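Let's walk through this model together, one packing arrangement at a time. Please keep the sequence and the coordinates open beside the text.

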Amino acid sequence: MRRILPYPVVVGALALEVEAVRLDDVSLPYEMISSSNRTVALHHLRHADWCTARMNVTVRGPAAELNAGPWRSMSCVVSLTERRTNTHTTTRLPMTSELGAWSGQIELHRDDHVGKAELTATLVATVDGVAGREIAGTDDHWTIDLHAHIPVKRDDLVTRWVDFNDEAHPWLRVYRTDPWVVDTSGDTPTLYLNSGFEGLRLLLESRAPADRPAKEALAGRIAMDTWNVLFDAAAQGVRDWPGGWRETVLRRMLPDMYTDRSPDDALRELSTTDAGELRSRVLHAAAKQARMSAALGAYIRAIRGRPQEEK
Amino acid sequence: MTQDPHPQMEDFGPWLGRQLRRKGMSQSELAAALDVTRAAVSAWITGRATPRIDKIQAIDELLGLASGSSMTREETPDSAGSIDWHLRPAHEDGGRELGNAAAFAFDSNLAVLAREATQNSLDERFDETRAVRVRFILNELTGERLRGFQEAIRWDTIAPHIKAAADPAQKVGRVLADGLRELHEGGSLLLLRVDDYNANGLTDSEYDDGRFAAVIRRQMDSHKGDQAGGSYGLGKATLWATSRFGLVIVNSTLSAPYEGRRDRRVIGRIDLPWHKRDDKGYAGPAWLGERDPRRNGAARSWWAGERTVEELRLSRSNADPGTSFLIVGAYDPSGEATTLQEMHAALVKSLADGFWASMVSGRGKEPVLEASVEARRNDKEIVVPEERVDPHRYQRARSRAVRAYKNGETVDSLTSADDVVAARVPLLVPPRKTTGQTQPVEHSAVLLVTPAGDDEERPNRVAGMRGTLMTVSDRAVGDLPLGAPRFQAVLLAGHATGINDPDGEPKLDATLAEEFLRAAEPPEHNDWKPTEDLTATFARGAVSRLKEFRSAVLAAVRDTVRPADGGPADREVPEALQGLVKLDPPKPVKSPGYPTVRSASGEVDDEGAWRIRVEVRLPQREDPWVIRPLLRFSTRSGPRPEVPWARLEPLEECEVVDGSDLRCRSGARRVVFIGVSDITGHPVNARMSTVEVDLMRVRGGA
């Protein structure tokens with residue numbers, strides 16, 4: 001998808017860096033800021049009761065291009081947004097002595113956010129006499145994660161071993177004869193593995209070479225089920241990209257479901273595909289995500305006693 | 001220094017002494033000719049007495065100088081023909097050298113030249129409170145200017161010898177033959193000038209030990225000073241190796257007078273292999289200079305006039321001491337850089353890679369080094385303007401680290417992207433074999449670590465350096481703790497640890513560490529490792545001490561970047577499941593199996609409608625693609641309203657079907673069309689909108 005604007009915009013990239021973070025005046029260790037993952041983790045055990053996070057940010061644009069271009073009264077703003085709370089906070093950054101660079105401090109109030117906030121930068125200027133036009137934006141946003149204690153950009157699936165018979169998880173008792181269950185109701189989807197299911201943990205965590213084909217076929221089976229459930233949860237009633245893990249699931253699976261359509265086109269196509277055909281396409285995509293064919297192939301060769309070709 | 005570097009007129013004594021040497025006349029001969037005692041001549045030369053006016057006139061006459069020369073201390077004019085090439089005759093024993101061994105010892109290219117030449121200049125730094133300035137100037141000569149330059153270097157004398165030595169059966173001979181062919185066919189000659197300012201210059205006498213003889217007369221002599229990593233040692237050979245003809249002309253401003261003079265000491269040297277011309281054998285090397293009558297035709301340097309150095313393209317830009325080397329017929333021996341632009345870039349990169357730390361300055365202080373590179377044609381035409389190499393541009397994180405250390409702004413733990421952590425790393429310097437001392441001395445090297453930005457191409461490395469701040473070692477750090485940020489590290493050892501305090505004398509441990517590490521450097525000075533020099537100079541255990549130091553450095557780096565809260569928390573994902581249920585965003589596909597918008601551009605026309613040219617890339621397929629372009633007005637959030645087209649105009653490889661779809665030609669990989677929006681469907685004025693073009697595959701489109 002290409003955006004076209006009716007006035008000249010900046011070609012060069014706009015780079016946004018978070019350089020330091022303080023939680024109520026206590027500096028966060030730098031390893032909680034990851035420039036390569038474009039992520040800041042705000043959950044620090046020793047400062048759990050913070051109210052305000054203050055971040056030093058710098059935005060750098062293509063200095064030569066900005067200098068030569070037709071843009072007047074340029075200013076640089078950074079925005080903090082979170083979909084779940086529909087919060088938008090915008091801060092204007094002061095210019096620095098370096099050409100094409102802006103730098104300043106922005107505040108994140110804990111009360112305004114619940115999970116992850118996105119941080120983006122935008123350059124606005126007067127173009128052709130019209131003020132406040134967007135002339136450049138960051139390609140890649142930063143994620144400010146309120147609950148993470150390491151800055152990894154991943155809406156990871158949580159995997160937990162639980163005895164489904166245990167009194168502590170009454171809702172899982174219904175499934176006590178099942179080896180695993182996927183729960184998509186919370187913020188992050190969770191895969192519960194039943195440690196009360198005899199032999200499951202033994203096989204899945206076995207390091208014996210002889211168990212390997214069976215272990216990998218089992219893992220593939222679990223993964224395939226998981227992708228199946230995740231897809232149904234993500235695709236339900238979807239019209240536009242849903243964001244978060246749901247969007248990631250769709251973006252990973254749709255290209256395998258509709259190989260000759262772009263992701264946007266495939267998303268539109270979802271609502272018009274009939275249920276039976278949709279199911280087969282989902283199964284195919286889930287099997288690919290779970291790398292089912294390789295695992296199953298190795299398993300079959302193993303139980304048929306035929307040696308595998310050396311790799 | 002208290003002496004005036006520009007004496008208005010030199011004393012009579014040294015002047016007379018020099019004129020006699022030039023003539024090859026002894027003091028007694030002069031005394032006899034003037035009918036005075038030898039003691040009187042000796043008194044004149046040592047400055048104890050001055051001759052009467054009639055004797056002075058007689059001296060002018062005897063020396064063949066213009067009348068009054070002795071009063072004004074004029075020299076024999078250069079144009080008098082006393083300057084020419086003087087070739088060393090072949091060895092009596094018939095021995096033949098077919099190349100300079102020192103030049104073969106190096107893998108030559110422009111990067112090595114820049115590194116070696118600059119290293120020599122740093123080792124020869126004169127005023128320790130000021131920067132050494134090095135300047136590289138590429139200058140390509142053609143036509144009249146080339147001819148004029150050739151006259152100045154007496155090309156017609158030496159060219160027949162180059163031709164005679166250009167034996168295609170030898171490595172050196174082939175290079176010479178190539179050089180002559182380039183000059184002949186291309187009609188151009190490239191000069192590369194390497195200047196240093198605030199350096200010692202080529203001081204001392206013509207033949208005895210000293211800087212001049214080390215550079216001009218000898219091979220492999222490193223004339224080591226205190227700091228030197230071998231100044232003018234093997235490295236100087238790279239100057240000659242960068243000339244297609246092995247030809248370098250030198251102009252030096254001396255830091256200490258020789259023969260009572262400092263300015264414009266000039267000599268040229270060419271390194272040819274053994275050759276024969278007109279039935280006479282020549283050993284190879286030749287010198288451009290004055291004939292030395294007392295040395296059987298050997299050549300001496302001469303004190304050139306300003307005009308002469310200008311003709312030689314060797315005028316220096318100020319009176320600071322230092323040396324200008326002019327490499328005649330310069331080229332990149334590796335063959336990588338061929339144009340002036342490429343050579344400029346190669347030199348800048350080498351200077352930035354090797355000497356970024358030397359070029360970093362602390363607050364209110366000069367750096368150790370300033371370097372610049374420029375390229376011209378025919379003296380005047382600027383091809384690449386002079387670029388002063390900016391360390392902060394080429395090594396952002398590392399330069400920040402060194403600057404913070406110089407300014408005393410380092411911290412103990414990282415909390416921000418420009419913080420610099422300083423840590424101490426011990427180095428046990430074993431005693432030298434020659435001293436009676438038996439106990440090792442502990443030196444504290446300084447390790448600086450700072451976060452690296454995303455633009456750093458090679459993060460997670462440690463660069464090591466000592467006194468001159470030249471990068472000696474550059475190693476990757478492995479086994480990093482999980483969750484460690486990207487970083488750059490700098491290790492300052494020996495005298496480099498005192499860089500924030502240039503006035504104080506270096507401590508003993510720093511000096512010992514400096515010597516120890518220097519001994520651990522190979523001739524290229526590009527690593528610290530066990531060398532013969534190291535095991536020969538230091539007591540048993542030197543190699544182990546070096547290894548311990550290296551692992552202590554790596555351990556200290558890992559410690560500094562280790563996250564305080566430990567690695568990733570209690571993950572319970574069984575190993576077998578890892579990678580199968582990852583929720584990373586998918587990687588972008590390189591060649592997607594569906595039509596994609598390759599470019600879309602447009603503007604709002606006079607009617608207020610969007611007019612957009614769209615280029616679509618199609619995957620290979622036999623059946624024709626049928627696609628429907630969709631136009632949407634962008635919004636910040638929520639659904640983006642779709643706007644109908646007023647018309648579609650196919651431009652390349654497609655046709656409009658059903659008014660809103662495009663049928664692409666069968667087998668086409670790229671189609672182009674123009675779409676004009678329907679104004680009646682616009683939700684807002686087009687001039688206030690941002691639009692997007694999206695493609696939809698039409699169902700049933702075969």
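A helix crossing is called left-handed if the near helix is turned anticlockwise from the far one by less than a right angle, and right-handed if clockwise. Helices (H or I, at least four residues) and strands (E, at least two) are DSSP runs, numbered from the N terminus. The model is a predicted one, in which local features need pLDDT of at least 70 and side-chain atom pairs count only at pLDDT 80 or more, while totals for chains, interfaces and linings use all residues. Residues are numbered from 1 along each chain as its sequence is written, and chains are lettered from A and ligands numbered from 1 in the order in which they are written.

Let's begin with the helices of chain A. Two packed helices are described by the angle between their axes and the distance between the axes. Axes here are lines fitted to C-alpha atoms, for helices over the stretch in contact, and angles run from 0 to 180 degrees between N-to-C directions. Helix H3 of chain A spans residues 212-235. Its axis and that of helix H4(A), residues 244-257, come within 9 Å and cross at roughly 115°. The crossing of H3(A) past H4(A) is left-handed.

Which residues in H3(A) and H4(A) meet? From H3(A) come Trp227(A), Leu230(A), Phe231(A), Ala234(A) and Ala235(A), and from H4(A) Arg246(A), Val249(A), Leu250(A) and Met253(A); residues are in contact if their C-beta atoms, placed from the backbone, lie within 7 Å. By class, this contact has 8 nonpolar, no polar and 1 charged residue. Ala, Val, Leu, Ile, Met, Phe, Trp, Tyr, Cys and Pro count as nonpolar, Asp, Glu, Lys and Arg as charged, and the others, Gly among them, as polar.

H3(A) also packs against helix H7(A), residues 292-303, at an angle of about 150° with the axes 8 Å apart. That makes H3(A) roughly antiparallel to H7(A). This crossing, too, is left-handed. Among the residues making the contact are Pro213(A), Gly220(A) and Met224(A) of H3(A), with Met292(A), Leu296(A) and Tyr299(A) of H7(A). The contact of H3(A) with H7(A) divides into 11 nonpolar, 1 polar and 1 charged residue.

Now to the strands. H3(A) lies across E14 and E15 of chain A, running at about 30° to E14(A). These strands belong to an open sheet of 3 strands, in the order E13-E15-E14, with mixed pairing; two strands pair if DSSP finds at least two bridges between them. Its edge strands, each pairing on one side only, are E13 (158-162) and E14 (180-183) of chain A. The twist averages 20° from one strand to the next. One bridge links Asp183(A) to Thr190(A) in E15(A).

Chain B has an open sheet of 4 strands in the order E18-E19-E25-E22, with antiparallel pairing. E18 and E22 (645-652) of chain B are its edge strands. E22(B) pairs with E25(B), residues 670-677, over 6 bridges, and Glu652(B) has Val672(B) as its bridge partner in E25(B).

Finally, the two chains touch each other. The contact takes 53 residues from chain B and 52 residues from chain A. On the side of chain B, strands E18 (596-604) and E26 (691-697) are the elements that give two or more residues. That side has 29 nonpolar, 12 polar and 12 charged residues.

Conventions
Two residues are in contact if their C-beta atoms, placed from the backbone, lie within 7 Å. Angles under 35 degrees count as roughly parallel, over 145 as roughly antiparallel, 65 to 115 as roughly perpendicular and the rest as oblique.
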